[in-house]
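Let's take a walk through a protein model together. Have a look at the sequence and the structure, and then we'll go strand by strand.

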Amino acid sequence: MMGTQAANSSDDFESSGMSLLLHLPLNEFPSNPSDAQDCWGYASASGREYALVCLSNALAVVEVTIPSEPDIIASFPTDPIPWHDVKTIGDHAYVVSEGSDVGLLVLDLSQVDEGIVTEVNRVFTGGVPQSHNIVANEDTGFLYRVGGGFNVGLRAYATGKPDALGNPTPGSPDNPVFVGTLNNLYVHDAQVVTWDRPGPQQGREIAFACSGEGIGTGQTALRIYDITDKNNVVLLNTIFYGSSAYSHQGWLSDDRRYFYLNDELDEQSGLLFTATRIFDLDPSGTGNLEDAVYDRINTNFEVATDHNLYIRDGLMFASNYSSGLRIFDVQTAPRFPEEIAFFDTVPGSGNVSFIGSWSNYPYLPSGNILLSDLGSGLLVLRLDINDIIIKNQFSANLLDPQGGSLLAASFQGVFESELDPNSVKLRVRDEGGSVATFNGFVVGVDQGADIFEFEVGPLDCGTIAEYWFEADTASGFTVTEPGNAPDETFAIAVATDNETIFENSGTSAAGFSVSGMVDDGEWESGVPVNGERGDPPADFDGDGFAWLTDNVAGNSDVDEGVTTLTFPVIDASGGGALRWAYWLNDIANGPLGPEDFLSVEIATDPAGLDWQVVRTYNAALASWREDFLFVGPGQAVGATETLRLRFSVADLSPGNVVEAAIDAVSFGALLCEDSACNNPADTDGDGSLTAADFGAWLSAFLDNDPIADQNSDGVIAGDDFAAWLGNFVSGVCS
């Protein structure tokens, strides 16, 4: 951290997908600290869990096994200074400070379950006593003091465990022994591991150093070192990146293919949004860290400074000061991680000041997350969505009004949580607000995840149905997809077919307009030239044409501005589905700058002045993608005779190559055939209720076909015949 300022300490927090289990404010710590700084965690051999909290004037040990019943076990005075850090190896904790009184503070945690934590040493060897941070490699037992002075880098200490090559080392956990140093530059933080990926560095001890010259602000970069020999450190790679200001901290992905880095000052040096830098450690496939490169920038479009991040089981836990703790999925798309949850300790404060969440620790066996906050103290959080991941796998455009169509979802365990298969539900809400519930059937496995299918009952034709999935974990958490359902849902049109009212693929420019101000790269219609600068090699729908930005070979892209493509008026008075394909890319899949995007806007007023943004895309990808929007009653965009549509592309980040394209834009009205029979008793699907439906039901019953489940209880049994007969006798068929 570069600076510090206390924030408010109320419980008025904001969150999505996370629960607060404990808030231990600053005034409950015995040292009466002014702020909380770094934190780490410890689990004893018995499984009890503890938080190690660095405060402005002490290191506190707090039992959090039962978060609602915290117990402050011990408090050790430290320098009254804004920077302290702590790490653990085995049953020892090691504390450092930017002050001169702590040195390397060694604490014995082996009796913490009995309420005893013992200070066993303070080590002052290895140069200046100040340290900004401490790094631990638990495999080798080596500790590394980092920072704390001009061009102060890594200072290595052995604790008696064999090194990466199996050689004996001096010292003990109680008495770390200084064995070597790297002091030709400033290292602010680092991750040190014994490298286990195939390649020339396999088996070596590798340091990923967030570093720079002087105090870290000069030539700031990610530097990769082989530090196996502490007296012969080898620089493997120095990787610079754009808009750099202060390389602060980072962490490896679970498979060690990528490194994610926080630059603490780039948001104060021109970037508008929180920016995480992503480095590809094996772009050539050789496994040689000398080939590692900077890949791209990623943002969640929050205005805040990023600070400390850690990765566990495909999730990135990022403490981003004023925007709090942000959780990203780095497993599904490691180069384009999406935010899936957050906990904001200073809601509404979004800015680049140093308030809010300093650090976090996501590695407790329980899955509970420790969060240290400058003004709020210690918090223990639960990621409500960490037990199961639900993926909507239904991709059809229409849902049959008669029902019987199947929606599918994939459920995958995270943190070794267990899914209660009997709890898996699909909920469908019609336009009148009524919610129907359907049970799921396991029909297969996809990449280790169970696939559940659901038979949907009859729905009114010509309407838009909303749906979401629910499931419970063995630990009692209910998970939904989308994550904040039922407030947010998926949507599907209920119809037998649709009628195309409007379509355009760039074959004609009649009725279209292009506006905005750019140096180069305005929208135009034409055949893609495949300029190999991030632009599409071909159109989407195969007719040869599309709408494109700067469709020329060579130096083709949007430059320094925004260009807007406005479509002619569409008659959407009957409601329906608006669909389009889009392309948004930079060279080699990115990175797009935080100010670059493709937006979709809709206007319904006759004058075409009241525009609303319905989509904003900011992920670069060398591929066409599709999207849609429902128009009609109960939707964000209502039925209208004067529907207007426009696409805007912005390139406001210097040096980026932003290429965009639009194709296959269409609007389809929903159709309802008169022959449709909206009754589950019509099991032969001929649109009428006849005796033949009984034979069809009996055949389905014998085949265990879901259509035989006439009472929709998820079980095919004898009472379904009575349900079928009741449906048949009702004679309702529309």
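How many of the six residues of strand S7 (residues 84-89) are buried? Six of the six, so to speak: strand S7 is mostly covered. "Buried" here means under 20% relative accessible area, while exposed means over 50% and partly exposed is in between, with a 1.4 Å probe and protein chains only. Strands (E, at least two residues) are DSSP runs, numbered from the N terminus.

Before we go on, a word on where this comes from. This is a predicted model, in which local features need pLDDT of at least 70 and side-chain atom pairs count only at pLDDT 80 or more, while totals for chains, interfaces and linings use all residues. Residues are numbered from 1 along each chain as its sequence is written, and side-chain values use heavy atoms, with hydrogens and water left out.

Back to the strand. In a regular strand the side chains alternate between the two faces of the sheet. You can follow that in S7: His84, Val86 and Thr88 point one way, Asp85, Lys87 and Ile89 point the other way, and all are buried.

Now move to the partner of S7. S7 and strand S8 (residues 92-97) pair in the antiparallel sense over six bridges; two strands pair if DSSP finds at least two bridges between them. His84 has Ser97 as its bridge partner in S8, and Thr88 has Ala93. Two residues sit between the strands of this hairpin, where Gly90 takes a positive phi near 60°.

Why is S8 described as largely enclosed by the rest of the structure? Because six of its six residues are buried. His92, Tyr94 and Val96 cover one side of S8, with Ala93, Val95 and Ser97 on the other.

S8 also pairs with strand S9 (residues 104-108), in the antiparallel sense over four bridges. Ala93 turns up again here, with Leu107 as its bridge partner in S9. The hairpin of S8 and S9 has six residues between the strands, and Gly103 takes a positive phi near 65°.

Next, find Thr140, in the loop between strand S11 (133-137) and strand S12 (142-146). Thr140 is buried, with a relative accessible area of 2%. Its side chain makes polar contacts (a pair of N or O atoms within 3.5 Å; within protein, one must be able to donate a hydrogen and the other to accept it, and residues adjacent in sequence count only if both atoms are side-chain atoms). One is with the side chain of Asn137 (3.3 Å), and another is with the side chain of Glu205 (3.0 Å). Thr140 and Gly166 are 26 residues apart in sequence, and 8.7 Å apart in space, C-alpha to C-alpha.
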